[in-house]
Amino acid sequence: MLGCVLPDALEFRGVISHRTVTHYPYLYAVPAALVWFALRRQPTYASYVMFFVLIGCLCHLAQDALSKGGIPLKTPWTGRWGANFYITRELSEYATAGAIMFAAGMVALLLGRFDYQYLSAELVSFVKFMSGFVDKIKSV
């Protein structure tokens, strides 16, 4: 969840112009790739958290790229690219978000991810991960 709001939060209430540096995808994609490679060699709680925060940031940018305003692709300060599916804060934004959630739900359903056994195993794994993460934080 942190990653999903981080690109906007990093603008510090207008100190950095909206959808410039904080919405430049390479600032999140390159570190995400590096952390992913590090995870494959030696997974740690910190690297998992970093990786998923960066993935959340990239998901935020992917949705912003669907808007009329778009995101910068060449440099943080040059023109933005947007698919023009919606305009921010209008009904079209909520319809686009709803369509994305519906599509993701259908993919999960087709892959069998709504099965009770699968979901309960995922919940157990998540609780174990979070308890280990909390233990790591307490030991710092």
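Aspartate 64 is buried, with a relative accessible area of 8% (buried means under 20%, exposed over 50% and partly exposed in between, with a 1.4 Å probe and protein chains only). The model is predicted, so local features need pLDDT of at least 70 and side-chain atom pairs count only at pLDDT 80 or more, while totals for chains, interfaces and linings use all residues. Residues are numbered from 1 along each chain as its sequence is written, and side-chain values use heavy atoms, leaving out hydrogens and water.

The partner of aspartate 64 is arginine 19, which it meets in a salt bridge at 3.2 Å, N to O (a side-chain nitrogen of Lys or Arg within 4 Å of a carboxyl oxygen of Asp or Glu). Because aspartate 64 belongs to helix α3 and arginine 19 to the loop between α1 (2–9) and α2, the pair ties together parts 45 residues apart in sequence (helices are DSSP runs of H or I, at least four residues, numbered from the N terminus). Arginine 19 is buried too, at 5% relative accessibility.

Turning to the nonpolar side chains, the largest core has 10 residues, among them Tyr28, Leu54 and Cys57 (buried Ala, Val, Leu, Ile, Met, Phe, Trp, Tyr and Cys joined through side-chain atoms within 4.5 Å). Two or more residues come from each of α2 (26–41) and α3 (45–65), with α3 giving the most, 5 residues. Beyond its neighbours within four places in sequence, leucine 54 is in contact with Tyr28, Pro31, Ala32 and Val35 (heavy atoms within 4.5 Å).

Cysteine 57 is buried, at 0% relative accessibility. Its sulfur lies 7.9 Å from the closest cysteine sulfur, in cysteine 4, too far for a bond.

Terms used:
Disulfide = S-S within 2.5 Å.
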